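Please examine the structure shown below. The paragraphs that follow lead through its aromatic rings and then through the contact of its chains.

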Amino acid sequence: MAKATRVAFGEALARLGATHENVVVVDGDLSCSTNTRKFSEQFPARFIQLGIAEGNMVGVAAGLAMTGKIPFVSSFACFLAGRFEQIRMSVGYNNANVRLVGTHAGVGTGEDGYSQMGLEDVALMRSLPNMVVLQPADAVEAERATEFLADYVGPAYLRLSRQALPDIFDSDYSFEFGKGIRLREGRDLVLVASGGVVANCLEAAELLAANGVEAGVVNIHTIKPLDEQLLREVASNSSRVLTVEDHGVIGGLGSAVVEALSEMPDVVVRRHGVLGYGESGTQVDLYARHMLDSAGIAEAARRFLTPDVEAVATG
Amino acid sequence: MVVLSTAELSGLAQELRADSLKMIATAVSGHPGGSLSAAEILATLYFKELAFRAQEPSWPGRDRFILSKGHAVPVLYAALCRAGCIEEEELSTLRSIDSRLQGHPDHVRLPWIEAATGSLGQGLSVSVGMALGEKLDNENSYRTYCLMGDGEIQAGQVWEAAMSAGKFGLAKLTGIVDYNKVQLDGRVSNIMDLEPLADKWEAFGWHVVDVDGNDIDSLLAAYDSARANDEKPTVIIAQTIKGKGVSFMEDTHAWHGKAPNENELEQALLELGVGAAQDN
């Protein structure tokens, strides 16, 4: 059943509250949107409402972490990214055991438009040396990633979708931190994706297969640390890598993959993601506009494989 | 801990000043003005007010002290040294490569530092988190102290933090403003006036104590007043003099972030009356 990863996170968090007494939730007037509301109802004493003051929220979370609490700090991805100075100083540099949870990733946020869209968050978070970055591709993976974070020690960023995502994984799925997942094999190119666009990549691979193009698909739920070994393997098999993400093309998954494969001379990587600032529209319309739906991803792959077609989706 | 007299704490503050200036002179960089203004505050905290174990920095029951005005860290290192946490020879490594005594406080390198600071305006938020953590556990285990600069509290985040401490009634949180009236570019009143400062904190739900921050007994009374209040966080507005104790450094922004040369250090130590006995 299709479900937003933010919803699956909220459900998992409420369950974890019962088993992890040190888990606390820090929120800035967005618990109804980030889905920490359920936790707040079940564990009101461990829910810390700090209002629309995210800089303070990040610092308070760092202080809580340094007293032994396990704070999950939830807000929109863009508002956390906007407090980068507090994150680098109070969380990162202190190596504080804080989980930053950014919902409303990318243009998938939809009608609210650019001001509410996380489009730079991965670039910023992964620039901090000790920050791990996770982005689940469906509800099951979001639930498992949340469970993983309850026991992980160190600064972490979890990126979640506003929109419902189709199921990819079964309920017996096991989350392996730092491991990419080959969802489909293909010799012509490999689509390396993360988050809400992974399901679209699987559909795009079907569309491409119908036209005789064999596209592999790799799901990267752990953007940092990146599974470089797996990437090198799939890159050496197909030599063309198209990264796909609902994030700006500068600094996100695509950049991380380019960095990882930069010493493989025969491999060509093209980054496919959001160009420019976001805008208002339905999630469906925006995914069509930014070529992040299955048809758009398939078209981006065809252009990549056809040298005389000019690249339009790289920045 | 031996209970020190007012005169002894005063003498200790002078020694912290001398140590700070020697460290800064050796490093050939650092912030004398805001270190000197806070010497009595550090002396009273570390030798009277704070509960801690010099050789057990992670003792859970320790009081937390966060130096939000991180640039004044030489005076904190000096206090940690006099308190037996770090060795005297380490003081001369301030700001040098591989030193635990970074130019601004570093929690990971030096365990007695409760939180990294130096990007101004963030320490009170971290302090609120620590005080909240203590309150959540309900074990009456420690108090939290946060020393802020006056220029620093121009930052909006400080007031976000102040609002949240008021909301949660963090009675075991004590903020101290080192109100030395001078910041890097000049006088606070010209750059971005803070007044009416006591009214601002009161409006945010704080118990306010306004004292002479270079006077030992006034500071001790202020800490007592904070302890006596069990409903609100307390802020001590410590009226201090920037560069206090060294005539040519007093009340000027010229010595906010400049190291004294050999002659200037000699003169400063002479004025402080503790130079001859020290040799680090």
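A residue is called buried under 20% relative accessible area, exposed over 50%, and partly exposed in between. The model discussed here is predicted. In it, A:Phe177 has a relative accessible area of 27%, so this residue is partly exposed. A:Phe148, at 21%, is likewise counted as partly exposed.

A pair of aromatic rings is described by the distance of the centres and the angle of the planes. Over all chains, 16 aromatic pairs are found. One of them joins A:Phe148 and A:Phe177, which are stacked, with 4.8 Å from centre to centre and 20 degrees between the planes. Because A:Phe148 belongs to helix α8 of chain A and A:Phe177 to the loop between β8 and β9 of that chain, the pair ties together parts that are 29 residues apart in sequence.

B:Phe248 is partly exposed at 27%, whereas B:Trp255 is buried at 5%.

The contact between the chains involves 24 residues of chain A and 29 residues of chain B. About 2000 Å² is buried there, and carbon and sulfur atoms give 58% of this area. On the side of chain A, A:Asn56, A:Met66 and A:Tyr93 lose the most area, together 26% of what that side buries. One salt bridge is found across the interface; in it, A:Lys69 meets B:Asp137 at 2.4 Å, N to O.

Methods
Residues numbered from 1 in each chain as written. Chains lettered and ligands numbered in written order. Predicted model: local features only at pLDDT ≥ 70, side-chain atom pairs only at ≥ 80, totals over all residues. Heavy atoms only, no water. Contact = heavy atoms within 4.5 Å. Buried area = accessible area lost by both parts, 1.4 Å probe. Salt bridge = Lys/Arg side-chain N within 4 Å of Asp/Glu carboxyl O. Phe/Tyr/Trp six-rings, centres within 6.5 Å; stacked < 30°, edge-to-face > 60°. Helix = DSSP H or I, 4+ residues; strand = E, 2+ residues; numbered from the N terminus. Buried < 20%, exposed > 50% of the residue type's maximum accessible area, 1.4 Å probe, protein only.
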